[in-house]
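Subject: Structure handover

Hello,

The structure we talked about is below, with the sequence. My notes on what was found follow directly after.

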Amino acid sequence: MKMYLLSLGAGLLVGVIYSLLNIRSPAPPVIALVGLLGILVGEQAVPLVKRLLSGNSVTVSWVHSRCAPHVFGNLPTGADDGGMRDRPANTELS
């Protein structure tokens, strides 16, 4: 239940900010996408600051392993064979 209340609170906060900026909801697509990017990057700021405050260095490999998967998700590898990999070799396509 706590997550729902937090989500409602975040939504209310965003609604207030939209109102202050005179943006009607739903926001135009570009503004909404920029906002979502800000959310994703902002989520990564907390672990980054925690790591810096703990005295650990922030390396490219740490950012790549800790931040990139969350921001970009599972990116395609280019090895998509349309499901052919799991199909037996002698099976006809229909």
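L5 sits in helix α1. Is L5 buried or exposed? Its relative accessibility is 53%, and exposed means over 50%, so L5 counts as exposed. L5 also belongs to a nonpolar surface patch of about 650 Å², which it forms together with M1, Y4, L8 and L12. Please keep in mind that this is a predicted model, so every value here is computed from predicted coordinates.

On the overall fold: the chain has four helices and zero strands, giving the pattern α-α-α-α when read along the sequence. There are 94 residues in the chain, and buried residues make up 7% of them. The accessible surface of the chain is about 8200 Å². Carbon and sulfur atoms account for 67% of that surface.

Next, the largest pocket. About 170 Å³ of space lies in it. Which residues line the largest pocket? They are V14, Y18, I31, A32, G35, L36 and I39. Two elements, α1 (2–20) and α2 (29–53), each give two or more residues to this lining. The biggest contribution comes from α2, with five residues. Sorted by class, the lining has six nonpolar residues and one polar residue, with no charged residues.

Last, a note on R66, which is placed in helix α3 (residues 60–66). How exposed is R66? At 37% relative accessibility, R66 falls between the 20% and 50% cut-offs and therefore counts as partly exposed. R66 and P47 are 19 residues apart along the chain, and their C-alpha atoms are separated by 8.7 Å.

That is the list as it stands.

Regards

How values were computed. Residues numbered from 1 in each chain as written. Predicted model: local features only at pLDDT ≥ 70, side-chain atom pairs only at ≥ 80, totals over all residues. Heavy atoms only, no water. Buried < 20%, exposed > 50% of the residue type's maximum accessible area, 1.4 Å probe, protein only. Areas by Shrake-Rupley, 256 points an atom, 1.4 Å probe, with all protein chains shown as cover. 1 Å grid on protein atoms, 1.4 Å probe; cavity = no way out; pocket = protein on both sides within 12 Å on 5 of 7 lines; lining within 4 Å. Points joined across faces, edges and corners; volume = space filled by probe spheres on them. Nonpolar A, V, L, I, M, F, W, Y, C, P; charged D, E, K, R; others polar. Patch = residues over 30% accessible without salt bridge, like charges linked within 9 Å, V, L, I, M, F, W, Y side chains within 5 Å. Salt bridge = Lys/Arg side-chain N within 4 Å of Asp/Glu carboxyl O.
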